[in-house]
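The following note concerns the model shown below. Please read it alongside the sequence.

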Amino acid sequence: MSVFSPRRLLAAALLGLAATAAGADPLPPDTRFSAIRVDVGPLRARGLGPFATAVQDDLQAALARTFAGRVGGPGPTLVVRVTGVTLNSYVGSESRFGRGGGMNSDYLDGEALVVGRRGEVLARHPQLSANPASSGGAWYDPASERRRLVSLTEHYAWWLRRGLGLD
C-alpha cells in the first residue's frame, strides 16, 4: 500500500482520468477473450507478496463474473496489470458538506491490455478506480479491510467492461 499526500493523490487521479480519456477506442461489441489474466508484478516488486496475491485472486474473480459470457474461443487475451492499490488508513471522516477530512477513498490503479495471439498489444486501457473507504462496513470489524478490497476489485472490473465498450 502506498501513501500519497492529498496533492499527489489528486495529481495521480487527474493523470489517470486523462489517460483513460485518451485510452483505446472501444472494442467491437462482439469481442470475446480467450482468457483473462491479472498481473500484480508491480505490487510484488514492492514487497507486497501476500497482499498482491489477495488483489490478484479478488480481481481475477471479479473479472470472471463481470466478463462472464465473453470468455472462450480463439479471441485475444485480456491482461489486467495492477500498478497500485491504496487503502485509506482512516474510514469514517466523510460528511454531508465535504468537510470531514478530505480523501476518504480506496484506489486501484492499472491498465488493461488486449493481447493478440502473437503477443502484440491490440488495445491499451489505463484506469484508476476510486471507491469509498467505507465500502467494507464498520471500520472496527476485523473483516472490513478484506471486504474493502473485494469491493474495490468489483468496482474496477465493472468500470473496465464499460471503458472497453462492452456493456
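Is aspartate 58 buried or exposed?

1. At 10% relative accessibility, aspartate 58 counts as buried (buried means under 20% relative accessible area, exposed over 50%, partly exposed in between, with a 1.4 Å probe and protein chains only). Its salt-bridge partner is arginine 146, with the closest N and O atoms 2.6 Å apart (a salt bridge is a side-chain nitrogen of Lys or Arg within 4 Å of a carboxyl oxygen of Asp or Glu). Arginine 146 belongs to helix H4 (residues 144-163) and aspartate 58 to helix H3 (residues 49-66), 88 residues apart.

2. This is a predicted model, in which local features need pLDDT of at least 70 and side-chain atom pairs count only at pLDDT 80 or more, while totals for chains, interfaces and linings use all residues. Residues are numbered from 1 along each chain as its sequence is written, and side-chain values use heavy atoms, with hydrogens and water left out.

3. The protein chain contains 4 helices and 4 strands (DSSP runs, numbered from the N terminus: helices are H or I of at least four residues, strands E of at least two). Their order along the sequence is α-β-α-α-β-β-β-α. Of its 167 residues, 41% count as buried.

4. The whole structure holds 8 salt bridges. In one of them, aspartate 39 meets arginine 81 at 3.2 Å, N to O. Aspartate 39 lies in strand E1 and arginine 81 in strand E2, so the pair ties together parts 42 residues apart in sequence.

5. Glutamate 111 pairs with arginine 124 in a salt bridge at 2.8 Å between the closest N and O atoms. Glutamate 111 is buried at 15% relative accessibility, whereas arginine 124 is partly exposed at 43%. Asp39, Arg81, Glu111 and Arg124 are linked in a network of salt bridges.
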